[in-house]
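This report considers how the parts of one protein chain are arranged and joined.

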Amino acid sequence: MTEPTKTLCPYCGVGCGLDVLPPALPGKATNRDKQGNPIWQVRGDRNHPSSQGKVCVKGATVSEALDKDRLKYPMMRDSLNEPFQQVSWDEAFDRIVQQIQTVRVTQGPSGICMYGSGQFQTEDYYIAQKLLKGCLGTNNFDANSRLCMSSAVSGYIQSFGTDGPPCCYDDLEETDCAFLIGTNTAECHPIIFNRLRVYHKKNKSVKMIVVDPRCTQTAEAADLHLAIKPGTDIDLLNGIAHLLMRWGFFDSLFIDDCTKDFPEYAEVIRHYKPELVARKCGIRLDDLEKAARWWGESNRVLSLWSMGMNQSSEGTAKVRTLINLHLMTGNIGKPGAGPFSLTGQPNAMGGREAGGLAHILPGYRVVKNPQHRAEVEEFWGLEPGSISPNPGLTAWDMITGLEQNQVGLLWIAATNPAVSMPDLERTKAAYRKSPFTVYQDAYYPTETAAFAHVVLPAAQWGEKTGTMTNSERMVTLCPAFRSPLGEAKADWEIFAEVGRRLGFAEQFNFADSAAVRREFVQLTRNRPCDMTGITNETLSEFGPIQWPCSDSSKDEGVYNKRLYTNLRFNTPDGRAKFGAYHSKGLAEPPDPDYPFVLTTGRLYGQWHTQTRTGRIEKTVKMHPQPFIEIHPRDAAKLDINEGEIIEVRSRRGMGRFPAKITKGITPETVFVPMHWGSLWAELAEVNSLTHPESCPDSLQPELKACAVQLIPVKEI
Ligand code: SF4
């Protein structure tokens, strides 16, 4: 019997285990898609602890995009007006190395930037850090995770001393009260939502509260839906805290023994009188009181969040304000309780571990810390001072850097920022200005490839072996089950070859990706994310493993489903810190000229900018076109009927979308999904409208909200 390859779904941060079998099995008909093409068979891996055999439509159909529109060989051109010409890898590498050397001389290392992706495997991330931050001496590596979860990272660091989600998926089935805020889990993380939904249905006493301006599928399953106005999250959370204080629902023992800065926080929440909060949030006072009572009366409260909290100009403040509620009520470090961020990308967590953002280094180190830099320099065999003490350019900084002629080489890999970045017209203008852009991806064409001078074919899911970490810190080995298509190479191999050609032969001497991981995990030794016990060998032997797991704890069979169970945190004094924040609201609130708030989000069957799902028949059929959700009251005022086109204008751009009239959205707010770029539909890029105002701590842009005006197209 043919044994399946056990791997991980390459879409969302739930990280479902997959069994993959070849199209043709002995004695069975060949598995084919509707066009008759043989396709690899995919089913849920029943033994994967995170997903227990379940998969959603994206995971089930992922293999159908393995062969479609693939980039098979390197291509180059001198200017964006010319067509690409096929070249050899040697020619492509020579051209890139030559440009790196030129920029190092003319602009210094800070003229070199790389924008990577949570689609990378951890090994890709690690080698990119070694190349950029170590060998080239620039911290200008950032990833699309900046747009996804960097506020969660900074919130955890400021509250607990280091990054790292403290919870695990089993908590979904051990909680008394699930508090979901800024997350449409039913559509965006469907498999863990199913776990929660089944448990909630079976246990009538368990409460589910959902906070979202839209009545999503997630909200429909809740006992209480708080449809707050966009930008009022901190008001709501501080209002709940006010009531918890007033009613005595706080854990003074936990506050005294395990936390600091509570008095400053108490002074802030004193101002959040429930009547005022309810009015500002646009919800009923008794609903606010119900939410506070359910939280206060529950022994185990689990909160879940994702982009609705993170993609905000006060993202870190929102995350910390939510964590405050856990600290105030002692809801952390025990089963069924804790603040739990859900990552969007399949390996955004691996990126955090490997140092894949502009301000961090491998092993949960930060570039500003001299000891951390020295440890990494020594480990990489580099001269002291090789790593810059300055955080590098973030995703949006790279755009402004291009505008100001500070970037001489931009390298984009495994992501499609010409659709996903905010203020898209400005983003595209900056890309047009780039003197030299390398684009490395599995698919062609994409919207971003149009801005490249060199395109490099990357091996994708199933064609390279590596590891990925999901939202509950579970590391899974993802072995290759077929050869890379055409001349495609693994991302880490491409980075390593450039490193060797730049003269760093010793630093990039790896036989395979298992050797890369063996080296990387040594940099996590005695760090909060210690995974010295998680190598390809142990993953092959034991299956997926959660970190922290040192080599000694593995030998003793000690695993950690949850962090902070001893109620000591990673701060110097071991105490978690309250953060006291007043609500600032939206960076661009509605006004008479732009009276609506546009919010953006994701749909069940689509993934990001459709580079993969746009090439799969079933997922395209589920969501064939973009739309704008509008409340019936607003539609009537504008004389708009179902399906009619609405032109949406912001201060930055415009788009046109057919109306979907629904009471599921709060009045004066509209919703447009983020999946459509110019490749798939005309004038449907929602990020033409969004703005880049960012959280000052996480530097994550507020992709979730901007002010717009709506114009029925029939009136133009
Ligand atoms: Fe893949 Fe996420 Fe669906 Fe699981 S829930 S199958 S990880 S897309």
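Which side chain meets that of Arg352 in a salt bridge? The partner is Asp163, with an N to O distance of 2.7 Å. The model in which this pair occurs is predicted.

## Domain organisation

The domain assignment divides the protein into four parts: domain 1 (5-65), domain 2 (75-148 + 346-555), domain 3 (150-341) and domain 4 (596-715). Between the C-alpha centres of domain 2 and domain 3 the separation is 34 Å.

## The interface of domain 2 and domain 3

Contact across this interface involves 14 residues of domain 2 and 16 residues of domain 3. The two domains bury about 1,300 Å² between them, and carbon and sulfur atoms contribute 51% of that area. On the side of domain 2, the greatest losses of area to domain 3 fall on Cys148, Arg352 and Glu472, which together account for 38% of what that side buries.

Polar contact between domain 2 and domain 3 amounts to 8 residue pairs, both residues being at pLDDT 80 or more. Sorted by class, the residues of domain 2 that touch domain 3 comprise 6 nonpolar, 4 polar and 4 charged. The rule identifies 1 salt bridge across the interface.

## The shell around the ligand

The ligand is surrounded by Cys9, Tyr11, Cys12, Gly15, Cys16, Val55, Cys56, Lys58, Gly59, Pro190 and Ile191. Two elements, helix 1 (57-61) and helix 6 (190-202), each supply two or more residues to this shell. In terms of class, the shell holds 8 nonpolar residues, 2 polar residues and 1 charged residue.

## Salt bridges in the whole structure

Over the whole structure, the search returns 41 salt bridges.

## Backbone features in loops

Two cis peptide bonds may be noted, one at Pro445 and one at Pro548. The bond from Tyr444 to Pro445 has omega near 5 degrees, and Pro445 is placed in the loop between strand 17 (437-441) and strand 18 (454-457). For the bond from Trp547 to Pro548, omega is near 0 degrees; Pro548 occupies the loop between strand 21 (545-546) and helix 23 (551-555).

Asn405, although not a glycine, has a positive phi of about 60 degrees. This residue lies in the loop between helix 17 (395-403) and strand 16 (409-413).

Key: Residues are numbered from 1 along each chain as its sequence is written. This is a predicted model: local features need pLDDT of at least 70, side-chain atom pairs count only at pLDDT 80 or more; totals for chains, interfaces and linings use all residues. Side-chain values use heavy atoms; hydrogens and water are left out. Domain bounds come from an automatic or database domain assignment. Contact means heavy atoms within 4.5 Å. Buried area is the accessible area (1.4 Å probe) that two parts lose on being put together, summed over both. A salt bridge is a side-chain nitrogen of Lys or Arg within 4 Å of a carboxyl oxygen of Asp or Glu. A polar contact is a pair of N or O atoms within 3.5 Å; within protein, one must be able to donate a hydrogen and the other to accept it, and residues adjacent in sequence count only if both atoms are side-chain atoms. Ala, Val, Leu, Ile, Met, Phe, Trp, Tyr, Cys and Pro count as nonpolar, Asp, Glu, Lys and Arg as charged, and the others, Gly among them, as polar. A residue is near a molecule or strand if one of its heavy atoms lies within 4 Å of it. Helices (H or I, at least four residues) and strands (E, at least two) are DSSP runs, numbered from the N terminus.
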